[in-house]
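Notebook open, sequence and model side by side. I want to look up the sheet first, then the core.

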Amino acid sequence: MGRKEKDAERLERKQQKLEASPISAKYPDVSSVVISMNYYQRNSTLVFMQRTVNFFPGSPAYFLMECVKHDCMGGGFDLDPVVTGMMKDHLESGKGELVCPGNNASGHARVDYTISIQYTK
Ligand SMILES: [Zn+2]
């Protein structure tokens with residue numbers, strides 16, 4: 001795996017994000033989505049990094065969170081099924097854990113996340 005492949009992946013994902021429909025188009029009654037994540041490295045129980053991402057009706061409905069490992073290929077934390085499932089069921093909060101599937105699932109990173117969704121009605 002080289003830098004070129006990583007750059008290609010980054011570009012491809014950037015494109016996917018650009019092409020994603022806005023949240024308002026798919027889920028018009030959603031007024032905001034907040035995703036908070038704690039990142040962990042390998043088997044460590046220490047929080048390596050914390051991140052909170054806010055989405056608004058105009059934000060692309062794209063919920064793949066990148067892995068923090070710089071040479072990770074095919075990885076990231078795909079919260080799309082979780083978030084869209086919550087929207088369908090009108091759930092306001094959810095949480096869980098994901099392991100990065102990148103670099104042939106070497107288990108180099110994981111996150112635990114909480115998701116809050118607000119609705120206009
Ligand atoms: Zn990764």
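Before anything else, my burial rule: a residue is buried if 20 or more other C-beta atoms (placed from the backbone) lie within 10 Å of its own, exposed if 12 or fewer, partly exposed in between. My numbering starts from 1 along each chain as its sequence is written. The model is predicted, so I keep local features to pLDDT of at least 70 and side-chain atom pairs to 80 or more, while totals for chains, interfaces and linings use all residues.

I checked β5 and found that zero of its seven residues are buried, so this strand lies largely in the open. Helices (H or I, at least four residues) and strands (E, at least two) are DSSP runs numbered from the N terminus.

Next, the sheet. I read an open one of four strands, antiparallel, in the order β2-β1-β6-β5. β2 (49-55) and β5 (93-99) are the edges with a single partner strand each, so one side of each has no neighbour in the sheet. I count strands as paired if DSSP finds at least two bridges between them. β5 and β6 are joined by seven bridges. Along that pair, E97 has D112 as its bridge partner, and V99 stands opposite R110.

Then the core, meaning buried Ala, Val, Leu, Ile, Met, Phe, Trp, Tyr and Cys residues joined through C-beta atoms within 7 Å. The largest has 22 residues, and among those touching the most other members I noted V33, L79 and Y113. β1 (30-41), α3 (80-89) and β6 (109-119) each supply at least two residues of this core.
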